[in-house]
Amino acid sequence: MSSPPDEPPDNTGPSGESNPADSEIEIYRHSSAHLLAAAVTELYPDAQCGIGPPTDDGFFYDFLVQEPFTPEDLRAIEKRMAHIVKQNRPIEKKLIPKAEALDLFAKKGQTLKCELIRDKAGDLVQCYTMGDFIDFCLGPHLPSTGRIKAFKVRESASQSYWKGKEGNPSMQRIYGYAFFTKEELDQHLHRLEEAKRRDHRKLGRELDLFSIADETGAGLILWHPKGGFIRKQIEDFWRDEHLKGGYDLVFSPHIAKIDLWNTSGHTQYYKANMYSPIDIEGVEYQLKPMNCPFHITIYKSKLRSYRELPFRYAELGTVYRFERSGVLHGLMRVRGFTQDDAHIFCRADQLGGEILRVLDFVTMVLRAFGFERYDIYVSTKPADASGTDPQWEVATAALKEALETRRLAYAVDPGEGTFYGPKIDIKIKDSLDRAWQCSTIQVDFHNPARFDLEYIAEDGKAQQPVMIHRALLGSLERFFGVLIEHYAGAFPLWLAPVQAVVIPVAEAHHEYARNVADKMKSAGIRVHVDDRPEKMQYKIREAQVQKVPYMFVVGKTESADPKVELVSARHRHAGDLGSATSLSDWIAKIARFSSERAVSEGEVPMAPRSGGTGPQPVVSGGVR
Ligand SMILES: [Zn+2]
Ligand SMILES: [Zn+2]
């Protein structure tokens, strides 16, 4: 991940678009941007129009105005847009000689448009009209405003700078959503609401999972006890599965001599993401941005034979990468994170088998967390790459073959491989159909050569091994963020820091409640007794807010018979599960869900998931 340069060259069209709109939905959304500009200039004749490109879910338009738009203004603008739609005004292309166009826009007080025409137009200026409203644009557009069926203006405008440059006039940016149908628009608005409700930063606070403190620094995560517990569960599972899967666990330090990064090429190719070196007794050390060179050094510590290969070194390795403060985002974009990293050193003839093995491992691990749907990409050779064409071909073919063998659909991302080799990227789809980049499998010819890696082949000659870099979850921080949002904080039983709360109805039942909790604890269930002097309903509500899977209420009825232990059960999603039910049955059930790592609690209905019309699931092979 490299950060974009501060001032990208301005190749955009007059509406701020990177290309003329070419897909139907882009044309639709771009036309909606003009609709917005028409409404604004009709209601506020002094408003100057800036740019107005389509976006992923609609459009925006920037305006230079004396007073910021209020929510009432925005509602009036939306109303005016609806009115123009109703009028079904034609949207017509006009080619106007430059001098004439400049004159026309100047007369309308559109100074910024004149600037754009001077910057970007040829001798003939392509304009589009929508009734009296005229705009300078590459087009194309819908034939008339009546074609726009479903749009909505966002509740508040935001600020931007003219041409994106600080110091330039401050513009009011109005965003809108636009879809072909009302139904699609409503679904989108619902998903946005859901995403807000599930925001991991909000839930992280409410559930006391993690924080980022001013005192410690931006982009650096503090895992609180509950978040820490979930991380332990993830790590335990991860380590156990790696040992079962033929990996060795290794550990490496957070700093190393800078020479190591010179050899790996990171100081050359990756400098923008690295922190400044640290001087230790006159020698430069580097805070690690990656774990690879450490695992390579372990490989190199002995002479290796073809019989021993492959070596699979796995590490939950914490790395530090520079990110500008402006792009940091909760757990998703941070400056220090723990990669669930591994490096496989194998013979060329083992490459295909190893890739397949990693692929099976990825899908097994992701399924354990409830992720069954993926968008998969194979990235091929970039222009500036190390390694020979035949090497790239073999490795790329091996990656594709593994996916095809497992009947996993993928798209090719041409030229998007790393400089050292091709890769598979797996984006997991969450419950809102959003795709998150997590897993990656990368083939590498570059580092084995840079570090002179060898093994002794059957004929006694030294050969170079192939390296595979892979991460399943990507980064623990980011994956945790995805998990929080996917489950809206209601983690599956095996991850939930607290699995059950026992709620005594009155003080007389405290002892019985503790007895119930002790029974559960001895079965390995994470339970606590809420014996605060509060009302039962209040305690239930609180456990509910904390998304505790089970609540067991105990009172007179439940504790009546000393020979049979009874509880009244509630579930965080399903609500009441029946009064005076058998404690031992519940213990057996919870212990089973937990040990099986069930992603939902069996017959109990889960929280309603929002439907979505996003991309359909890819074919997933039966790889478990
Ligand atoms: Zn346009
Ligand atoms: Zn690596």
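Visitor: What makes the site of the zinc ion (ligand 1) tetrahedral?
Guide: The angles among its four donor atoms run from 92 to 129 degrees. Ideal angles for four tetrahedral donors are 109.5 degrees. Before we go on, this is a predicted model, where local features need pLDDT of at least 70, side-chain atom pairs count only at pLDDT 80 or more, and totals for chains, interfaces and linings use all residues. Residues are numbered from 1 along each chain as its sequence is written, chains are lettered from A and ligands numbered from 1 in the order in which they are written, and side-chain values use heavy atoms, with hydrogens and water left out.

Visitor: Which residues are the protein donors of the zinc ion (ligand 1)?
Guide: They are H30 (NE2), H34 (NE2), C137 (SG) and H141 (NE2), at 1.9 to 2.0 Å. A donor is an N, O or S atom within 2.8 Å of the metal (3.2 Å for Na, K and Ca), and water is not among the atoms, so sites may look incomplete. Along the chain the spacing reads H-x3-H-x102-C-x3-H. H34 sits in helix α1 (residues 24–43) and C137 in the loop between β5 (133–136) and β6 (150–153), so this pair ties together parts 103 residues apart in sequence. Helices (H or I, at least four residues) and strands (E, at least two) are DSSP runs, numbered from the N terminus.

Visitor: And which residues coordinate the zinc ion (ligand 2)?
Guide: That ion has C292 (SG), H343 (NE2) and H469 (ND1), at 2.0 to 2.3 Å. Their spacing is C-x50-H-x125-H. C292 is in helix α10 (residues 292–300) and H343 in strand β16 (residues 336–346), so the two link parts 51 residues apart in sequence.

Visitor: How do you know that there are zero disulfides?
Guide: A disulfide is a pair of cysteine sulfur atoms within 2.5 Å, and the structure holds zero of them. Take C127: the nearest cysteine sulfur, that of C137, is 9.2 Å away. For C438, the nearest one belongs to C292, at 18 Å.

Visitor: Why is C438 called buried?
Guide: Buried means under 20% relative accessible area, exposed over 50%, partly exposed in between (1.4 Å probe, protein chains only). C438 has 5% relative accessibility, so it counts as buried. C127 is buried too, at 0%.

Visitor: Why is the pair of W392 and F445 called edge-to-face?
Guide: Rings of Phe, Tyr and Trp (its six-membered ring) pair if their centres lie within 6.5 Å; planes under 30 degrees apart count as stacked, over 60 as edge-to-face and the rest as tilted. Here the centres are 6.2 Å apart and the planes are at 65 degrees, so the pair is edge-to-face. W392 is in helix α12 (residues 389–405) and F445 in the loop between β20 (435–444) and α13 (446–450), so the pair joins parts 53 residues apart in sequence. W392 is buried at 3%, and F445 is buried at 10%.

Visitor: How many aromatic pairs does the structure hold?
Guide: There are 25. One aromatic cluster is formed by F237, F369, F371, F479 and W494.

Terms used:
Four donors count as tetrahedral if all angles lie between 85 and 135 degrees; four count as square planar and six as octahedral if opposite donors are over 155 degrees apart and all others between 65 and 115; anything else is irregular.
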